[in-house]
Amino acid sequence: MNSIYKIEKKLDLTQEDQKKILYDYENINYDKKGLEEYILENYNLDVKGKYGELEIKNPFGKASGQLSSNINQVKTDANDGLGFVVLKTVISQDKDNKSSMEEWKVNAPKMVVEEIESKSGEIGYTVTWKGRGWDKSFEDYLDLVKESYNVYKQSKVPVIPSIQYHLPNIGEDFKESEYKYTTQSIEKIWKDESLDMPFVIEQDFSATLASMENSQDEIIRWIQEVPRLIHKYTSAKDFILGMKLFNPSLGDEFQVKMLEVLNQMKDKVQVITAFNRLFDREREFEGKKGIAYGGYDLSNRNLRVLDKFIENNHSFIPISATGNINSGRMMVEYALRGATSGQMHTYFQLPSHNYKLKEGSRARKAIHELMFNPTDGLVPVMIHLKKKLNMDNDQILKFLDIYTLCNSGKN
Ligand SMILES: Cc1cc2nc3c(=O)[nH]c(=O)nc-3n(C[C@H](O)[C@H](O)[C@H](O)COP(=O)(O)O)c2cc1C
C-alpha cells in the first residue's frame with residue numbers, strides 16, 4: 001500500500017458494524033430522516049464540515065468547473081445531498097467589459113474521462129479537456145450567481161462564486177479596475193438578495209497557470225496582493241475569502257511556502273483550497289499541448305505537501321481539500337491533515353459501475369457511495385477511527401474533530 005496514507009487499508013470493524021453498513025449501502029434508509037441526521041442517530045457520527053467558519057451539513061462539495069456552470073446543476077446538487085457548491089470560475093473584468101485575461105474565456109465543452117496510473121501504480125481517473133474560465137458574458141455569470149443564491153435560500157446549501165482576477169508579471173501593475181468591478185458586482189447581488197449567509201468568494205489560481213513558468217517571486221507577489229485587493233473592494237463585514245492554490249512545478253518546499261505566506265494573512269484569508277490539478281506540458285489533447293490532470297499523483301502530492309506543512313505549522317487557516325477525493329477514506333486522509341471540507345469534480349464523472357446506486361443524479365449516487373461504501377465510505381472509516389481513539393460506541397465522533405483528536409500529542 002502507498003505509504004502516504006494514515007488510515008489502515010483493512011478497517012477494524014465489528015461484524016455487527018459491517019452488517020449494518022452493508023445494509024445501509026444496499027438500501028436507502030435515510031431519505032425520510034435526512035442523511036446526516038440518520039448517520040448521527042444510527043452511528044453516533046457527526047459529519048458536519050466547514051468552509052472557513054461557514055458550517056456545512058457534510059464535507060462533500062462540488063468543486064468549481066464544468067459541473068457547476070448552470071442553474072440546473074446547482075439545483076440538483078443542493079437537492080440531492082451535497083454540502084456546498086463552488087460555481088464555475090469567472091474571469092474578472094472592468095466596467096467596460098475589458099478583461100486582461102480575455103484568452104482565459106475558452107469555450108471547450110468536450111471532456112474525456114480516462115483512467116490514469118500514478119507513479120505509485122494506483123489507478124484513478126482524470127478528466128481531460130482544453131477549456132479554462134467561464135466563456136459566456138459576465139452578465140450571464142451574475143444571473144447564475146443570483147439564481148444560485150435563491151437555491152441557497154430554499155436548500156441552505158451554500159453556493160460560492162469563484163473568480164480568477166488579473167495576475168500581472170513582475171514589473172506590471174495589477175488591473176485594479178477589474179478587481180473593483182468584478183468584486184463589487186457580485187457583492188451587490190449578495191446584498192440585494194439579503195442572504196443569511198456571509199459573502200463568500202473563492203479566488204481561483206487555475207491549474208493552467210503552471211504552464212506559464214512564473215518565478216517564485218511572481219507567485220508570492222500574487223498570493224500577497226490578490227487578497228489585499230479583493231478586500232479593498234469589498235464592503236461586507238461578514239466576508240469569507242477562500243484562496244484556491246495551484247500546483248506550480250516548483251517543488252514541495254515552494255508549495256509549503258505558499259501556504260505559509262497565506263497563513264500570515266489570517267485577517268484577509270479565511271479558507272485555503274489546496275491544491276488544484278497538476279499540469280503536464282507534454283501531454284496533448286485535440287491539438288493543444290499542455291494539459292491539466294488529476295488522479296493519485298495529484299492526491300499523493302497534495303497529501304505529501306500538507307504533511308510537510310502541518311509538521312511545522314500547528315495552527316492554520318482552515319483547508320478545503322481538492323484533488324482526487326474519490327471516497328470517504330480519501331476525505332479523511334485530507335481531514336487528518338487539517339481539511340474541514342473537500343471539493344470534487346472528477347468523482348461526479350466516473351463510469352457508472354463505480355457507484356452502487358443505479359438511479360438518480362450523480363450527486364445522489366456519489367454521496368451514497370462516499371458515505372456508505374463498506375470499505376472506503378466515511379461512515380466505516382470514522383467508526384474505525386473511533387476504535388483507534390478508544391471512544392465508546394455511544395460517544396459521538398465529529399468529522400471536524402478528526403484533525404485535533406488524531407494529532408493530539410504529536411504537535
Ligand atoms: C473539466 C474541469 C474544469 C475545471 N474548471 C475549474 C474552474 O473553472 N475553476 C477552478 O477553480 N477549478 C476548476 N477545475 C478544478 C476542479 O475544481 C478541482 O479542484 C480539480 O479538478 C481537483 O479535483 P478532482 O480531482 O476531484 O477533479 C476544473 C477541473 C476540471 C476537471
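**Close-ups of the ligand site and some salt bridges**

D376 is partly exposed, at 23% relative accessible area (buried is under 20%, exposed over 50%, partly exposed in between, with a 1.4 Å probe and protein chains only). This is a predicted model, where local features need pLDDT of at least 70, side-chain atom pairs count only at pLDDT 80 or more, and totals for chains, interfaces and linings use all residues. Residues are numbered from 1 along each chain as its sequence is written, and side-chain values use heavy atoms, leaving out hydrogens and water.

**View 1. D376 pairs up with R329.** Their side chains meet in a salt bridge at 2.6 Å, N to O (a Lys or Arg side-chain nitrogen within 4 Å of a carboxyl oxygen of Asp or Glu). D376 sits in the loop between α10 (362-372) and α11 (378-388) and R329 in helix α9 (residues 328-335), so the pair ties together parts 47 residues apart in sequence (helices are DSSP runs of H or I, at least four residues, numbered from the N terminus). R329 is buried, at 12% relative accessibility.

**View 2. E253 meets K308 in a salt bridge.** Here the closest N and O atoms are 3.8 Å apart. E253 belongs to helix α7 (residues 252-263) and K308 to helix α8 (residues 296-312), 55 residues apart. E253 is exposed at 55%, while K308 is partly exposed at 29%.

**View 3. Side chains reach the ligand's oxygen atoms.** A polar side-chain atom of K88 lies 2.7 Å from a ligand oxygen. For T322, a side-chain N or O atom is 2.8 Å from a ligand oxygen, and for D204 that distance is 3.0 Å.

Note on methods. A polar contact is a pair of N or O atoms within 3.5 Å; within protein, one must be able to donate a hydrogen and the other to accept it, and residues adjacent in sequence count only if both atoms are side-chain atoms. Helices (H or I, at least four residues) and strands (E, at least two) are DSSP runs, numbered from the N terminus.
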